[in-house]
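Let's explore a protein model together, one question at a time. Have a look at it first, then read on.

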Amino acid sequence: MSVVFTEEQLDIQQLARSFAQKEVAPRSKDMDINGWCQELYDKYVETGLCGTPIPEEYGGAGMTDVEAAIIVHELAKADAGFAMACEISWVCVDIILHHGTEEQKQKYLRAAAEGKLFSFCLTEPGSGSDAAGMKTKAVKQADGTWLVNGSKMFITNSAVADHFLLTAVTDPFKGAKGISAFVFDKGQQGFVVGAEEDKMGMRSSDTHTLSFDDMILPADALVGDEGSGFIYAMEGLDGGRISCTAISTGISEHAFEIAKEYAKVRETFGKPIAKHQAIAFKLADMAMNIQAMQLMLYDVAKDKADGKKVSPRAAAAKLFASTHATQICLDAIQILGGYGYSREYHVERLLRDNKLMEIGEGTNEVQRIVISGALLK
Ligand SMILES: Cc1cc2nc3c(=O)[nH]c(=O)nc-3n(C[C@H](O)[C@H](O)[C@H](O)COP(=O)(O)OP(=O)(O)OC[C@H]3O[C@@H](n4cnc5c(N)ncnc54)[C@H](O)[C@@H]3O)c2cc1C
């Protein structure tokens with residue numbers, strides 16, 4: 001296959017690219033130091049892009065995973081943390097769209113289309129890869145409400161989101177089948193946002209711990225069937241992993257462009273370093289792997305948009321893109337020499353940002369478990 005976009009997709013790409021380069025890129029250095037920029041997000045909301053994959057009957061543009069991937073890809077070329085903050089909302093949207101009640105869809109999908117941010121709350125201090133080992137409990141009360149106690153760790157958008165998609169144990173004797181999903185608004189009594197995480201990269205995104213201290217959720221906060229929340233979360237992560245692929249692809253293209261331009265002008269031993277074969281071959285390998293990432297990204301996004309099961313292929317795309325993106329960032333630093341190690345150029349940030357793509361939404365080891373599990377089934 002080759003990536004061929006429709007006219008409409010090219011328009012979306014142009015809009016996202018123009019916003020990313022005019023508004024996001026100039027703020028990336030400042031966000032790396034000072035964190036989340038609400039003013040930038042408010043400007044993003046004005047573009048209308050946040051409603052892209054949401055059906056028209058819920059206030060969105062009625063587009064698909066392909067257009068969503070295009071937007072995340074373009075945003076990530078400017079700032080990966082900002083792209084991640086935006087895509088996490090769509091992980092929650094996907095779960096509500098497929099499993100929520102009509103009332104939940106009317107409320108939450110409309111909110112997402114209007115630009116309200118969502119937080120996806122799965123990981124806990126004691127359970128990340130082994131997410132089904134979570135301890136947060138939601139106990140059904142006599143009046144049908146849910147009493148929630150526990151905590152979540154490393155939650156993106158946690159201090160800036162308006163809405164939260166939470167997984168919690170509702171039957172401790174059923175393992176993964178005893179986990180349910182809930183959706184609720186910020187400001188619940190007993191809901192506490194903890195200290196901000198001091199992260200290596202993705203510093204433009206907001207990450208905190210959350211705790212729930214006798215938080216009461218109404219009966220209708222339950223999403224879908226009781227006991228199916230873990231499956232919903234894993235399904236949501238298929239889309240999230242496609243977004244991670246888009247982010248690593250965007251980071252790689254950014255690093256490649258910086259390295260290529262630098263190699264053309266930096267001279268050693270009487271010629272541009274691009275004329276030294278060792279540097280030219282690095283650029284060739286970078287370009288080759290970027291091309292493969294792009295193909296994997298849009299191939300799997302298209303299949304998800306067509307309703308196909310994509311778990312192992314989304315895992316493979318994320319694994320391939322995140323691993324190669326780390327190497328591309330390292331190679332870009334190498335091509336820039338001492339300047340690559342300096343914060344003046346962006347490549348050291350790109351390396352720090354991309355490292356999360358080998359950890360978040362399932363580590364590289366977890367992606368290999370998903371891929372090999374499907375192969376050997
Ligand atoms: C900046 C940031 C943002 C995040 N955002 C969110 C978010 O919005 N929502 C959310 O729910 N979570 C979020 N996370 C959490 C993230 O998804 C987890 O950190 C990740 O899933 C890994 O879990 P862990 O950190 O507990 O590592 P662990 O699960 O403890 O793993 C530690 C190491 O052991 C390896 N390992 C574990 N089990 C196996 C195995 N069976 N075989 C081989 N190796 C194994 C892992 O691959 C890893 O290398 C975020 C994390 C970060 C750092």
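**Questions about this model**

Met202 lies in the loop between β6 (191–196) and β7 (207–217); strands are DSSP runs of E with at least two residues, helices are runs of H or I with at least four, and both are numbered from the N terminus. This is a predicted model, where local features need pLDDT of at least 70, side-chain atom pairs count only at pLDDT 80 or more, and totals for chains, interfaces and linings use all residues. Residues are numbered from 1 along each chain as its sequence is written, and side-chain values use heavy atoms, leaving out hydrogens and water.

Q: Is Met202 buried or exposed?
A: Buried means under 20% relative accessible area, exposed over 50%, and partly exposed in between (1.4 Å probe, protein chains only). Met202 has a relative accessibility of 1%, so the word for Met202 is buried.

Q: What is the phi of Phe154, which is not a glycine?
A: Most residues other than glycine have a negative phi. Phe154, placed in strand β3 (residues 146–156), has a positive one, of about 60 degrees.

Q: Which residue's backbone nitrogen does the side chain of Glu124 reach?
A: Glu124 sits in the loop between β1 (118–121) and β2 (137–140), and is buried at a relative accessible area of 6%. Among the residues Glu124 touches, not counting those up to four places away in sequence, are Met134, Ser151 and Met153; a contact means heavy atoms within 4.5 Å. At 2.6 Å, the side chain of Glu124 reaches the backbone nitrogen of Lys135.

Q: How much of the ligand's own accessible area does the protein cover?
A: Among the nearest of the 16 residues around the ligand are Thr123, Thr363 and Glu365; near means that a heavy atom lies within 4 Å. A polar side-chain atom of Thr123 is 2.7 Å from a nitrogen atom of the ligand, while one of Glu365 is 2.6 Å from a ligand oxygen atom. Accessible areas come from the Shrake-Rupley method with a 1.4 Å probe, and for residues only the protein chains shown count as cover. Of the 970 Å² that the ligand has on its own, the protein covers 63%.

How values were computed
Polar contact = N/O pair within 3.5 Å; in protein donor to acceptor, adjacent residues only side chain to side chain.
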